[in-house]
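Here is a friendly walk through a few residues of this chain. Please keep the structure open beside the text as you read.

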Amino acid sequence: MKKVFASITILYMLFVISACNTNDDTENSIQDMQNRNQIQDQLNPNHKIQTPSNQDINHQLGYVRYSKDEIDTQNLDNHEARIDRREMADMITRLILNNNGFNEVATLVTDQEVLIAYDRDNNSDSKLTKEVAQKTAESVMPRFYKVYVSDNKSLMYDIQSLHNSNTNRNYDKLIQKLINDMEKPYEHE
């Protein structure tokens, strides 16, 4: 009888141990599945990751990944790239002012042009400062933008007068006049 009781006890213990292992395996597989789902969600380019408030967005990398099936080609025709023109004008102006030879710079970014007028040091080379301003704007802006540069500091006020305009192009004649003035040779005082 003791042998039967010992056998039953051993079988019962084996049953309990195997049930616990099955329960642990189930918990592990659920945990693995949750981890996989979380990773897939993080890799999904449509997933909006909240940037921590203390992290500067300029230090983040930009990444997206799509398959052809994920892109709605019907809506792709309605998609347009957006440029923060004020931010681009600010960046161009600051980059130009980091170079020697510039005292003051005014930059206007429209939907097609970049207009830059500046006051340069009397000791600076006119051709060099013009080239620096031109290449700085070209390096920042998309290639289809036309860049116009002038060291005629009086044109800074004309550029400033257009700063509240929008891109509906009601000001085409003013822009064209300003471009013509920028292309004229300027004699320094």
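Let us begin with Ala137, which is found in helix α4 (residues 126–140); helices here are DSSP runs of H or I with at least four residues, strands are runs of E with at least two, and both are numbered from the N terminus. The model is a predicted one, where local features need pLDDT of at least 70 and side-chain atom pairs count only at pLDDT 80 or more, while totals for chains, interfaces and linings use all residues. Residues are numbered from 1 along each chain as its sequence is written, and side-chain values use heavy atoms, leaving out hydrogens and water.

Leaving aside neighbours within four places in sequence, Ala137 is in contact (heavy atoms within 4.5 Å) with Ile92, Val114, Ile116 and Val147. Its C-alpha atom is separated by 8.5 Å from that of Ile96, 41 residues apart along the chain.

The table gathers relative accessible areas; buried means under 20%, exposed over 50%, and partly exposed in between (1.4 Å probe, protein chains only).

| Residue | Relative accessible area | Class |
|---|---|---|
| Ala137 | 0% | buried |
| Tyr118 | 0% | buried |
| Phe102 | 8% | buried |
| Arg120 | 11% | buried |

Arg120 is found in strand β2, and a polar atom of its side chain lies 2.6 Å from the backbone oxygen of Ser124.

Now for the rings. Those of Phe, Tyr and Trp (its six-membered ring) pair if their centres lie within 6.5 Å, with planes under 30 degrees apart counted as stacked, over 60 as edge-to-face and the rest as tilted. By this rule there are two aromatic pairs. One of them joins Phe102 and Tyr118 edge-to-face, at 5.0 Å centre to centre and 70° between the planes. This pair links distant parts of the chain, with Phe102 in strand β1 (residues 102–109) and Tyr118 in strand β2 (residues 113–120), 16 residues apart.

Conventions
A polar contact is a pair of N or O atoms within 3.5 Å; within protein, one must be able to donate a hydrogen and the other to accept it, and residues adjacent in sequence count only if both atoms are side-chain atoms.
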